[in-house]
Number of protein chains: 2
Amino acid sequence: MWVVVCYDVNTETREGRRRLRRVAQACKNYGQRVQKSVFECQVNEMKFEDLRRKLLREINKEQDNLRFYRLTEPRENHVETHGLTRTIFFDDEPLIV
Amino acid sequence: MWVVVCYDVNTETREGRRRLRRVAQACKNYGQRVQKSVFECQVNEMKFEDLRRKLLREINKEQDNLRFYRLTEPRENHVETHGLTRTIFFDDEPLIV
């Protein structure tokens, strides 16, 4: 199944910036970054449980927001993208959309 | 139907910051802001066409990315949120999630 992960991490503190990096790192192991704070992950239920557990461990529930959107297959019928499709603008991280 | 709107606007320039405000403003007329750059909109096809057209007019396709995710009903089965649920942290804009 496809899951869209959207996160809003409060980066006003050093700790927050650290959380942001760790949340992104955790997502990278499960899917494709498509925007700064949005990943698309093709996972089974077990992997999704894994990802959720890891992300819940990283965020601060009083300051950050994490959303999962389960997409119905086929993915192409439910996802539409416009604009920038290939660029590198996150540190040295390639953003491939 | 429910549509999730995610946008990544390049705000390195003044023009980019202006685009960001205008994109958020356009989304506000169609749905609920749930994260800095994520809106959830309950719209019919006609309204969705409207929203898409307005947003495509605002973004710069060489610099920004815009994604629409169509959610299958019932929404509750496809959306999961964790963390911060009610706060005010965008200028004077209430963020109600």
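**View 1. Strand 2 and strand 3 of chain A run antiparallel and are joined by four bridges.** In this predicted model, for which local features need pLDDT of at least 70, side-chain atom pairs count only at pLDDT 80 or more, and totals for chains, interfaces and linings use all residues, residues are numbered from 1 along each chain as its sequence is written. Chains are lettered from A and ligands numbered from 1 in the order in which they are written, and side-chain values use heavy atoms, with hydrogens and water left out. Strand 2 covers residues 31–35 and strand 3 covers residues 38–42, where strands (E, at least two residues) and helices (H or I, at least four) are DSSP runs numbered from the N terminus. Two strands are said to pair if DSSP finds at least two bridges between them. Gln35(A) stands opposite Val38(A) of strand 3, and the hairpin that joins strand 2 to strand 3 of chain A passes through two residues. Strands of a sheet pair through backbone hydrogen bonds, either parallel or antiparallel.

**View 2. Chain A is built from two helices and seven strands.** Read from the N terminus on, the elements of chain A follow the order β-α-β-β-α-β-β-β-β. Of the 97 residues of chain A, 47% count as buried, buried meaning under 20% relative accessible area, with exposed over 50% and partly exposed in between (1.4 Å probe, protein chains only). Among the contacts in chain A with a separation of 6 or more, 63% are between residues 24 or more positions apart, a contact meaning heavy atoms within 4.5 Å.

**View 3. Gly16(A) is found in helix 1 of chain A, which spans residues 14–28.** With a relative accessible area of 0%, Gly16(A) is buried. Leaving aside its neighbours within four places in sequence, Gly16(A) is in contact with Val9(A), Asn10(A) and Thr11(A). The C-alpha atoms of Gly16(A) and Asn60(A) are separated by 8.3 Å, although these residues are 44 residues apart along the chain.

**View 4. Aromatic pairs number four in a search of the whole structure, over all chains.** Rings of Phe, Tyr and Trp (its six-membered ring) pair if their centres lie within 6.5 Å, and planes under 30 degrees apart count as stacked, over 60 as edge-to-face and the rest as tilted. The rings of Phe48(A) and Phe68(A) have centres 5.1 Å apart and planes at 90 degrees, so this pair is edge-to-face. Because Phe48(A) lies in helix 2 and Phe68(A) in strand 4 (residues 65–71) of chain A, the pair ties together parts that are 20 residues apart in sequence. Both Phe48(A) and Phe68(A) are buried. In chain B, the rings of Phe48(B) and Phe68(B) also have their centres 5.1 Å apart and their planes at 90 degrees, so this pair is edge-to-face. Phe48(B) belongs to helix 2 (residues 45–58) of chain B and Phe68(B) to strand 4 (residues 65–71) of chain B, and the pair links these distant parts of the chain, 20 residues apart. Phe48(B) and Phe68(B) are both buried.

**View 5. The charged end of Arg75(A) sits over the ring of Trp2(A), 4.8 Å from its centre.** A charge is taken to sit over a ring if NZ of Lys or CZ of Arg is within 6 Å of the ring centre and within 35 degrees of the ring normal. In chain B, the charged end of Arg75(B) sits over the ring of Trp2(B), 4.8 Å from the ring centre.

**View 6. Arg52(A), in helix 2 (residues 45–58) of chain A, touches residues of both chain A and chain B.** Not counting residues up to four places away in sequence, Arg52(A) touches Phe68(A), Arg70(A), Glu80(B) and His82(B). Arg52(A) counts as buried because its relative accessibility is 14%.

**View 7. An open sheet of five strands, with antiparallel pairing, has the order 5(A)-4(B)-1(B)-3(B)-2(B).** The edge strands are strand 5 (79–83) of chain A and strand 2 (31–35) of chain B, each of which pairs on one side only. Within chain B, strand 1 (residues 2–8) and strand 3 (residues 38–42) run antiparallel and are joined by five bridges, and the bridge partner of Val4(B) in strand 3 of chain B is Glu40(B).
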